[in-house]
Amino acid sequence: MTYDEGLAQRIREGLGERSGFTEKRMFGGLAFLLGGNMTVGVVGDELIARVGPERAEEALARPEARPMDFTGKPMRGWVTVGGPALAEDRVLDHWIATAVGFASTLPPK
């Protein structure tokens, strides 16, 4: 599967000069890791974001989000964001900030 390079570039720009990020091909797309922990990624033309179990319900209440599900079993603490909402920088920035906030609480791998 390919991934939307334009969305990946927007994520890079959204992450800015933050240190500790690496990129890795995962899930047939591209993942951005902080200290070795996956934070956000691009699969096809959609964003996947690691929001953490405590914020999952709140995240899924947003209209652009749905559970991340690659295997038939949703991954707890993760969401998929797609559609026209991603065209708005403020929406993308929200998901990047939320995912970075959670990943920042995890110990480095």
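Is asparagine 37 buried or exposed? Select asparagine 37: its relative accessibility is 4%, so asparagine 37 counts as buried. Buried means under 20% relative accessible area, exposed over 50%, and partly exposed in between, with a 1.4 Å probe and protein chains only.

The model is predicted: local features need pLDDT of at least 70 and side-chain atom pairs count only at pLDDT 80 or more, while totals for chains, interfaces and linings use all residues. Residues are numbered from 1 along each chain as its sequence is written, and side-chain values use heavy atoms, with hydrogens and water left out.

Next, show what surrounds asparagine 37. Apart from neighbours within four places in sequence, its contacts (heavy atoms within 4.5 Å) are Phe32, Arg50, Leu106, Pro107, Pro108 and Lys109.

Now colour residues 37-43. This is strand β3, where asparagine 37 lies. Strands (E, at least two residues) are DSSP runs, numbered from the N terminus.

Move to residues 29-34, strand β2, where 6 of the 6 residues are buried. Strands β2 and β3 run antiparallel and are joined by 5 bridges; two strands pair if DSSP finds at least two bridges between them. Select phenylalanine 32 and valine 40 to see bridge partners, valine 40 being in β3. Between these strands the hairpin has 2 residues, and glycine 35 there has a positive phi near 60 degrees.

Finally, select residues 21-26, strand β1, which runs antiparallel to β2 with 6 bridges. Lysine 24 stands opposite alanine 31 of β2. The hairpin of β1 and β2 also has 2 residues between its strands. In that turn, phenylalanine 27 has a positive phi of about 55 degrees.

Definitions and conventions: Helix = DSSP H or I, 4+ residues; strand = E, 2+ residues; numbered from the N terminus.
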